[in-house]
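I opened the notebook for this chain today. Here is what I looked up, entry by entry.

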Amino acid sequence: MVGFWHRLGTKGKAFYSATLSPPCSSPLTLPHIWVPTQTSHRPLSSGFHRATGQTRSAAEIMSGKPIAKDINLRVAAEISRMKAAIGRLPGLAVVLVGYREDSHAYVHMKLKACNEVGIETSFVQLPQDCTQDRLIDVVSSFNSNASVHGIIVQLPLPQHLDEETIINFVSPEKDVDGFHPPNMGNLALRGREPLFIPCTPKACIELLLRYRVEIIGKNAVVIGRSKIAGLSTSFLLQVTHIFVLYCIDIIMFE
């Protein structure tokens, strides 16, 4: 939502700075700036504590549902104030190429979530055999559309389309997936802030913080290095002073 405000022009920036504090600002300056809400979703810590040699309560399941509900309520309230203050709403454009059932399901969830909090949406469905030029034309139209503040090109794309070319064609200021080189590059460098952070890694870190899990200074193993999850997660972990070990895949030895 921070990015949306800043692309709504001078009035949006001024109103945001004067009246709003985002529930989850950039996690790149942890733990000094990106602080989760004061309400902890975590009961007592669990597991074996090496320093004391004591065994604590049994392991727990961290549920994201109450956290998602809290974030959705905050975003909806922020959008309501935005509409009252400057008469505009954030807009998200989603482009889907092909007929993959999983991609359709993801897009449906994204559009539903936007509708619930008050984000305006535009949806374009392109055929499986869509040409790269046609897809670029659609993305270009959203890049130049002032009412669209974020663009998602649902991945994966059909094999005949060049994903990197399409990702790079999305305006960095509207790249809500956070995959454009400037956003991904700034994510990897401590002290810099990308305009957007990939949602899955950020959600994982937010979940840990909401449950008061101390992560700074720990060791972490990340399996996989995709832009969507593995690579982005490792970048977020590294800037929070965590040693990250990469595993490209799980290998079993006999």
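Is cysteine 204 buried, partly exposed or exposed? I found cysteine 204 partly exposed, with a relative accessible area of 39%. I call a residue buried under 20% relative accessible area, exposed over 50%, and partly exposed in between (1.4 Å probe, protein chains only).

I note that this is a predicted model, where local features need pLDDT of at least 70, side-chain atom pairs count only at pLDDT 80 or more, and totals for chains, interfaces and linings use all residues. Residues are numbered from 1 along each chain as its sequence is written, and side-chain values use heavy atoms, without hydrogens and water.

Next, I looked for disulfides (cysteine sulfur pairs within 2.5 Å). I found zero. The sulfur of cysteine 204 lies 9.5 Å from its closest cysteine sulfur, in cysteine 199, so it is too far for a bond. Cysteine 199 is exposed, at 55% relative accessible area.

Then I turned to strand 6, residues 219-223. Helices (H or I, at least four residues) and strands (E, at least two) are DSSP runs, numbered from the N terminus. Ala220 and Val222 point to one face and are buried.

Which strand does strand 6 join? I found five bridges to strand 7 (residues 243-247), running parallel. Strands pair if DSSP finds at least two bridges between them. Asparagine 219 stands opposite phenylalanine 243.

Last, I checked helix 7 (residues 181-188) against helix 9. Met184, Leu187 and Ala188 in helix 7 meet Ser232, Phe235 and Leu236 in helix 9, with contact meaning heavy atoms within 4.5 Å.

Methods. Axes are lines fitted to C-alpha atoms, for helices over the stretch in contact, and angles run from 0 to 180 degrees between N-to-C directions.
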